[in-house]
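Look at the sequence and the structure before reading on.

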Amino acid sequence: MSDEWQEMDTAPKDRQILLDVGLPWPVVGAYNQLGDWTFVYANFCRGLYQGMYDDSYFETEHEKAPKFWQELPKLRGQK
């Protein structure tokens, strides 16, 4: 398993993988039957509600094209 980012034309289409979609973090995605990469990510945001209260929320997106891919890392104890 390589921990280097690889070109999308070499990405496996039969399992979930890590995708670089241009964010500061990778997202998990998979190839779908329509011929597109499917992934959704949540961006944690914090702001002020009416200038007074802490307002934490998630912003969800799914419209970025993947640039590179990597295999998912194995979890501790996973074979």
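## Salt bridges and a proline

Aspartate 14 and arginine 15 form a salt bridge, with their closest N and O atoms 2.8 Å apart. The model is predicted. Side chains of opposite charge can pair when their charged atoms come close.

Arginine 15 has another partner. Its side chain also meets that of glutamate 71 in a salt bridge, at 2.6 Å from N to O. This pair links distant parts of the chain, 56 residues apart. Arginine 15 sits in the loop between strand S1 (6–7) and strand S2 (17–20). Glutamate 71 lies in the segment after strand S7 (68–70). Through shared partners, salt bridges join Asp14, Arg15 and Glu71 into one network. The count of salt bridges comes to two.

| Salt bridge | N to O distance |
|---|---|
| Aspartate 14 and arginine 15 | 2.8 Å |
| Arginine 15 and glutamate 71 | 2.6 Å |

How open are these positions? Aspartate 14 has 61% relative accessibility, so it counts as exposed. Arginine 15 has a relative accessible area of 37%, so it is partly exposed.

Now to the proline. Proline 26 is placed in the loop between S2 and strand S3 (27–31). Its relative accessibility is 40%, so proline 26 counts as partly exposed. Which residues does proline 26 touch, not counting those up to four places away in sequence? They are Trp5, Leu18 and Leu19. Proline 66 is 40 residues from proline 26 along the chain. The C-alpha atoms of these two prolines are separated by 9.8 Å.

Methods: Residues are numbered from 1 along each chain as its sequence is written. This is a predicted model: local features need pLDDT of at least 70, side-chain atom pairs count only at pLDDT 80 or more; totals for chains, interfaces and linings use all residues. Side-chain values use heavy atoms; hydrogens and water are left out. A salt bridge is a side-chain nitrogen of Lys or Arg within 4 Å of a carboxyl oxygen of Asp or Glu. Buried means under 20% relative accessible area, exposed over 50%, partly exposed in between (1.4 Å probe, protein chains only). Helices (H or I, at least four residues) and strands (E, at least two) are DSSP runs, numbered from the N terminus. Contact means heavy atoms within 4.5 Å.
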